[in-house]
Amino acid sequence: MKRPGYGHTTLMTVLLVLLAMTGGPTRSYSMEPPTPGEIATFRQAGEWEQRKTFARDIGNQRIRPDLLKRALQGARRAALSARGVSPETINRLAPAAPPRALAGMPTRGNVKVFALLIDFPDYPRTSSLEYIHDRLFGAGNPADTPLESLAAFYRRSSYGLLELSGGSTLGWYRTSYNRSAIAQTLTGRESLIKEALNYFQGQGHDFSQYDNNGDGMIDYFIVIWTGPDNGWGRFWWGYQTNFNDATYRIGGKRLNSYSWQWESRPAGGTFSPKVAIHETGHALGLPDYYDYDAAIGPDGGVGKLDMMDGNWGDHNCFSKWVLEWITPTVVSNGAQTLTLYPSATTTNAVLIMPGITLDNTFSEFFMVQNRYRTGNDTTIPSDGLLVWHVDAALDASGYDFLYNNSYTTRKLLRLMEADGQEEIERNVPANPGDFYRPGARFGATTLPSSANYSGQNTGVLMTGITQSGDGFSATLSVSDLGRPLAPPGNVTIQSRN
């Protein structure tokens, strides 16, 4: 079932919009959906279903379950506390999450990763090791901000909580055979990686330093290869995945996740860190927010307005929340007047959780942030408040999440378009009309509305939007729809931390 008001097309109609202005959305060349022309070519060649299966099996559409579960539990505790529930009852209904299991790439701290550069006799490299190292772990080129380097992007996005500047770049390792000799299979990919790693271990490189959390696994590394790609959903493409051979050790450690990507596209150009920035988002636990298959569910992702959709701007507030870079203000009932500053430079955000009671959990909620053209958001199309609708329902296993933005009947994360045009659902990139600015409102009678996916009124209302400088203020409220409200509170967030 689709949410009322969703537009939907049975064929993918991705619009390749080439904006003359600086800062429009650009193709990320990760597991981004292919264009209609590419799909037609794949169908004619009888490859379309195979390519879709390859992309789905890589799994870049899935959020790391432990991250979201932990964030949801913390938000429920905050909501119950705001309703005056005693700490003893909160601990019984929503026990505090234990320390995070030592698995996966850490989202905070000084995290060491390495890049492994591989070229071939028939496809020699065109970028120097020093150049690539600077674009990954150094300062990069300030003229390319916010994509000047991997480390710089994540330092800003995490507010200094994640530091990647201590990484290493190993290369170039040149094979003794042409690239065509490599089997385009999981075994072929991992055999190539092991060959290069064994060489650098023989040169004395210490790989144990990349186990940042002491769990016996190298958390994440980046593989960069030379030569042309062979198209979406194929071996020589850009994606993040996990190392399969559990018997292999390097520096006494197993390998966990890694990104696999080209030196440049088209081949023969200079390296850009853009794909590495996107794929590192996956290593941290984030999913793709774009749509892989127009035959299933709503189209358009989040209008490319995110690093995990069109590589356009910063990570959104939902992603930053699950990565533990921000702690949103929770509004679960009553009203609060809040001033939000740019999320690219401050930790301000609001999580609106309607329907929280002592005896229920929740899966649908809204998040609000101020997206302003500064920091990693310098290239986005406007300034204002963005409203996100999240559906974090669990699947039958109780472990994984039922929805994602790529293959399911509704979206995990949907951008509510302030102008009500539903253009994103027609694969049009986000535009200034999607930002909530003074004079706009969001509630039960607006389009889009604050109803849940079942069409029920959630009682969520956002009114009174004003702007002062780079700050946007609004009154956010949740009515209990028939139950007495707790006394309304007025809280103005003035901090830029």
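Analyst: A pocket is an open set of grid points with protein on both sides within 12 Å along at least five of seven lines, and its lining residues have an atom within 4 Å of a point. Note that this is a predicted model.

User: ok, how much space lies in the largest pocket?

Analyst: About 500 Å³.

User: and which residues lie nearest its centre?

Analyst: R62, R64, Q240, N242 and H282, out of 22 lining residues. Elements giving two or more residues to that lining are α3, β6, β7 and α8. β6 gives the most, with three residues.

User: what's the lining like by class?

Analyst: It has nine nonpolar, 10 polar and three charged residues.

User: switching topic. how many salt bridges are there in the whole structure?

Analyst: The search finds 17. One of them joins D211 and K253, at 2.9 Å from N to O. D211 sits in the loop between α7 and β5, and K253 in the loop between β6 and β7, 42 residues apart.

User: is D211 buried or exposed?

Analyst: Buried, because its relative accessible area is 10% and the cut-off for buried is under 20%. K253 is buried as well, at 19%.

User: what about R265, which residue does it meet in a salt bridge?

Analyst: D229, at 2.7 Å from N to O. R265 lies in the loop between β7 and α8 and D229 in the loop between β5 and β6, so this pair ties together parts 36 residues apart in sequence. R265 is partly exposed at 30% relative accessibility, and D229 is partly exposed at 22%.

Conventions
Residues are numbered from 1 along each chain as its sequence is written. This is a predicted model: local features need pLDDT of at least 70, side-chain atom pairs count only at pLDDT 80 or more; totals for chains, interfaces and linings use all residues. Side-chain values use heavy atoms; hydrogens and water are left out. On a 1 Å grid over the protein atoms alone, a cavity is a set of points where a 1.4 Å probe fits but cannot get out, and a pocket is an open set with protein on both sides within 12 Å along at least five of seven lines; lining residues have an atom within 4 Å of a point. Grid points are joined across faces, edges and corners, and a volume is the space filled by probe spheres set on the points. Helices (H or I, at least four residues) and strands (E, at least two) are DSSP runs, numbered from the N terminus. Ala, Val, Leu, Ile, Met, Phe, Trp, Tyr, Cys and Pro count as nonpolar, Asp, Glu, Lys and Arg as charged, and the others, Gly among them, as polar. A salt bridge is a side-chain nitrogen of Lys or Arg within 4 Å of a carboxyl oxygen of Asp or Glu. Buried means under 20% relative accessible area, exposed over 50%, partly exposed in between (1.4 Å probe, protein chains only).
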